[in-house]
Structure formats: C-alpha cells, structure tokens
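Hi,

Here's the structure I said I'd pass along.

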Amino acid sequence: MNPVLSALPTTIFEEMSSRARASGAINLGQGFPDSEGPDDVRQVAAEAVLSGWNQYPPMRGIAELRAAIASHYAAHQGLDLDDQSETLVTSGATEALAASILGLVTPGDEVILIQPAYDAYAPLVRQAGGVPRFVTTHPPDWSIAAGMLEAAVGDKTRFIILNSPLNPAATMLGDEELALLADFCVRHDLIAICDEVWEHIVFDGHTHRSLLTMPGMRERTVKIGSAGKIFSLTGWKVGWVIAAAPLSAAIAKAHQFLTFTTPPNLQAAVAYGLGKDMTYFTAMRAGYQASRDRLTDALSAGGYAVLPGMATYFLSIDLTRSGLVMTDRDFAIRLVEEAGVAVIPISPFFETEPVTNIVRLCFAKSDDVLDSAAEKLAAAH
Ligand code: PMP
Ligand code: GLN
C-alpha cells in the first residue's frame with residue numbers, strides 16, 4: 001500500500017458522523033446545519049443550472065463571483081481588493097487551504113500552527129514538505145501570548161496558520177492579539193494564512209477583523225473564506241482565497257492541479273448571495289445566537305459547564321468542571337453509543353500537549369433537535 005496515503009488519519013468528523021449514522025444518534029458532531037440554506041440563493045443556482053453555466057468556468061473563478069467577493073469585503077470589512085489579481089475561487093475552504101499551502105510552502109519550511117488547530121492544517125503542511133511547529137493555547141480563553149510565538153519561531157519559519165473565529169473553541173482574536181501577531185509576522189518576515197471561514201458567524205455585537213487589515217500585513221496575508229458557512233450551504237463547497245497578487249498567482253498555480261475550477265452554477269448563486277443586504281447577515285447571526293443560548297441554557301440546567309463562545313456555530317462543554325472524570329474521547333464514544341448524541345472530542349485538534357477534557361457541540365440545528373439532544377445529555381450526566 002502507498003505509505004503516504006496509509007499514514008493519513010481519518011478525520012474525527014468522519015469518524016463521529018459514521019458512528020452517528022450507525023447508531024441513529026442525533027448528530028451534533030460534524031458541523032453542518034439541518035436547514036437547506038436561503039431559498040433565493042438556491043433558486044439562483046437552480047436557474048443557473050437550467051440556463052447555462054454548466055461547462056468549465058475560468059480557472060480563477062467566474063468574473064461575477066470574483067467581483068462580488070471584492071465588493072462584499074469592501075462593504076463588510078472595509079477591504080480594498082483588486083478582483084482580477086487578488087481573488088481566487090476554490091472548491092471550498094478546504095481546497096483554498098490546500099492550494100495555499102501546496103502553492104506556497106516549500107520543502108523544509110517551518111509553519112507555525114496554533115493548537116487547537118483545524119484538522120486539515122498539519123497533514124497539508126506535511127504533504128507540501130513543510131514542518132509544523134505547534135503552539136498550544138488553553139481554555140477558557142485560548143489566548144495567544146508573545147512568548148509562545150517566540151518559542152516556536154526559528155530560521156526556517158516562513159508561515160503561520162491562524163483560524164479566527166476559532167473552530168472548535170468559538171473564540172476570536174482580539175485587537176491585542178491581532179497587533180501582536182502582525183508585529184510578529186513582520187519582524188520574522190512570515191506569511192500568515194488566515195482561515196476566516198467563520199467571519200460572519202459572530203455574536204453579542206462582536207465584529208470580525210482580518211489580520212490582513214493590520215499594519216504591514218496587506219502583502220503577507222492569505223485570507224480564506226467559504227460560502228458554506230455564510231449561506232449555511234456546507235455541501236456546495238464554494239470557497240475563496242484573497243491575497244496580494246504575487247501570493248495569489250502562486251496559489252492559483254496549485255489550484256490548477258487540485259480542482260482547476262469550481263461548479264459555475266454554484267459560483268453564480270454565491271455571487272448573488274454575497275450581494276444580499278445586511279438584513280440577511282444580521283438575521284443569520286441572530287438565529288444562530290438564539291440557538292447557542294437555547295442549547296447553553298439547556299445544558300447548564302442538565303449539569304454541564306459550558307464554555308463561553310462568541311462565534312461559530314459550536315459550543316464546548318468542560319467535562320472536568322461538569323464533574324465528569326473521563327477523557328473527551330471516552331465521553332464522546334459513550335455518548336454516541338449509549339445516549340444517542342454525537343459530539344466532537346477536541347483532543348484530535350492537538351498533536352502535542354492535548355487538552356482532553358472538552359467536547360464540541362454543533363448548535364446549527366432546529367429547536368426540537370437541540371431540545372431532545374439536551375434532554376439525552378442531561379439524562380447521561
Ligand atoms: N476551516 C475551518 C476552520 C472550518 O471549520 C471548515 C469547515 N467547518 C473548513 C475550513 C472547511 O470549509 P469548507 O467546507 O468550505 O471546505
Ligand atoms: N469543518 C466541519 C467541522 O468542523 C467539518 C468539515 C469536515 O467534515 N471536514 O465540523
């Protein structure tokens with residue numbers, strides 16, 4: 001068997017979803033909504049399929065979507081982007097990550113990863129011949145301090161991969177951390193690959209700020225987004241990369257040999273969606289925030305210690321503070337098999353010094369599903 005392929009792990013999302021399917025459990029594990037996404041965006045996709053838009057589109061994405069990405073970020077985050085040279089459409093953020101890492105990282109380059117780290121980062125860095133250098137953050141605030149970064153950097157370090165808002169912890173980089181990271185990247189001449197797929201799902205009046213807007217970062221930041229999160233259409237796999245022209249050109253080279261393009265009909269619908277007015281985005285956030293509060297209240301009433309979450313559609317339970325003496329993995333397996341609820345243990349988001357007492361739950365589900373999951377969890381406590 002090919003030794004490289006056999007060395008790759010099965011993702012925890014696939015493992016827990018398979019267990020949920022096998023046991024008929026409620027799946028609050030892998031992150032996806034149980035709704036279908038906005039009717040109007042899906043209508044535009046259906047019309048696009050029927051009216052054309054079915055052959056290979058341009059390699060970097062259809063012009064309509066690239067222009068829509070630039071205008072969207074101008075309106076929502078005050079970015080000034082050149083759609084021609086600084087945008088690239090990819091097949092989901094997963095491909096955006098792969099194209100960025102395979103397009104930029106060269107063998108021997110060291111790449112700083114912050115733990116908890118989304119599970120795709122380290123395998124992709126290794127596939128590019130890079131060497132991950134891990135920095136570990138801790139609950140409940142998962143904050144990054146200067147000393148941790150300085151301890152991980154060396155002569156061969158060329159990249160840092162950041163995820164804000166952060167899956168699985170549901171936190172966001174604050175202004176001080178952004179300033180610290182920008183200063184760190186500039187001083188050590190690093191490129192920051194910023195996975196910002198959760199940028200629109202932020203609560204309690206928080207606003208997302210990209211590292212790209214910090215002093216010195218415009219030319220050295222790769223910003224990744226996903227329509228899957230913005231429109232609750234995770235199966236569409238339409239994502240994008242924003243980066244200064246030289247970085248974008250290198251990433252596009254890798255994209256050519258990964259997928260080359262992304263379905264044009266879905267691109268057309270996402271172009272339409274990105275132009276929706278603020279009411280859509282405000283209502284989406286309010287809907288998810290209400291679900292977060294509903295599940296938090298129900299779990300707290302059931303005896304669980306829920307960690308504060310300010311973004312993403314995940315929340316975390318601290319098992320130790322909930323009075324449960326077992327690892328996240330043991331708890332998750334017991335829960336899916338005996339109580340009928342699938343959750344994600346977060347230890348797989350660590351390769352070194354794992355945090356083993358926290359599980360992640362997805363609350364992008366209908367009230368009925370959240371209520372019955374919370375009931376089952378309370379009974380299992
Ligand atoms: N990065 C992070 C942090 C994610 O949470 C996800 C999906 N949940 C992705 C990347 C992948 O996004 P996509 O489905 O667009 O490939
Ligand atoms: N990103 C999703 C999550 O965090 C899962 C995506 C996947 O299955 N790879 O749950």
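Let me start with ligand 2: sorted by class, its shell holds four polar residues, one nonpolar and no charged ones. The residues in question are Thr11, Phe13, Gln30, Gly31 and Asn167.

Before going on, keep in mind that this is a predicted model. The confidence figures are as follows: the chain has an average pLDDT of 95, with 98% of the residues scoring at least 70. For the complex, the predictor reports an ipTM of 0.97 and a pTM of 0.96.

Now ligand 1. It has 14 residues around it, and the closest are Gly92, Ala93, Thr94, Asn167 and Ser226. Asn167 is therefore a name to remember, since ligand 2 has it in its shell too. Which element gives the most to the shell around ligand 1? That would be H6, with three residues. By class, the ligand 1 shell comes out as nine polar, three nonpolar and two charged residues.

H6 also has a helix partner. In general, a packed pair of helices is described by the distance between the axes and the angle between them. Here H6 (residues 92–104) and H11 (residues 245–258) have axes that come within 8 Å and cross at roughly 115 degrees. That angle is why the two helices count as roughly perpendicular. The crossing of H6 past H11 is right-handed. On the H6 side, the contact uses Glu95, Ala98, Ala99, Ser100, Leu102, Gly103 and Leu104. Facing them from H11 are Leu247, Ala250, Ile251, Lys253, Ala254, His255 and Leu258. By class, the contact residues are nine nonpolar, three polar and two charged.

A few backbone details are worth a look as well. As a reminder, most peptide bonds are trans, and most residues other than glycine have a negative phi. Where are the cis bonds I'd point you to? One runs from Ser164 to Pro165, with omega near -10 degrees. Another joins Asn167 to Pro168, with omega about 20 degrees. Pro165 sits in the loop between strand E5 (157–163) and helix H9 (175–187), and Pro168 is also in the loop between E5 and H9.

You'll find Asp189 in the loop between H9 and strand E6 (191–195).

Cheers

Methods. Residues numbered from 1 in each chain as written. Chains lettered and ligands numbered in written order. Predicted model: local features only at pLDDT ≥ 70, side-chain atom pairs only at ≥ 80, totals over all residues. Near = placed C-beta within 6 Å. Nonpolar A, V, L, I, M, F, W, Y, C, P; charged D, E, K, R; others polar. pLDDT = per-residue confidence, 0-100. Axes fitted to C-alpha atoms, helices over the stretch in contact; angles between N-to-C directions. Helix = DSSP H or I, 4+ residues; strand = E, 2+ residues; numbered from the N terminus. Parallel < 35°, antiparallel > 145°, perpendicular 65-115°, else oblique. Left-handed = near helix turned anticlockwise from the far one by under 90°. Contact = placed C-beta atoms within 7 Å.
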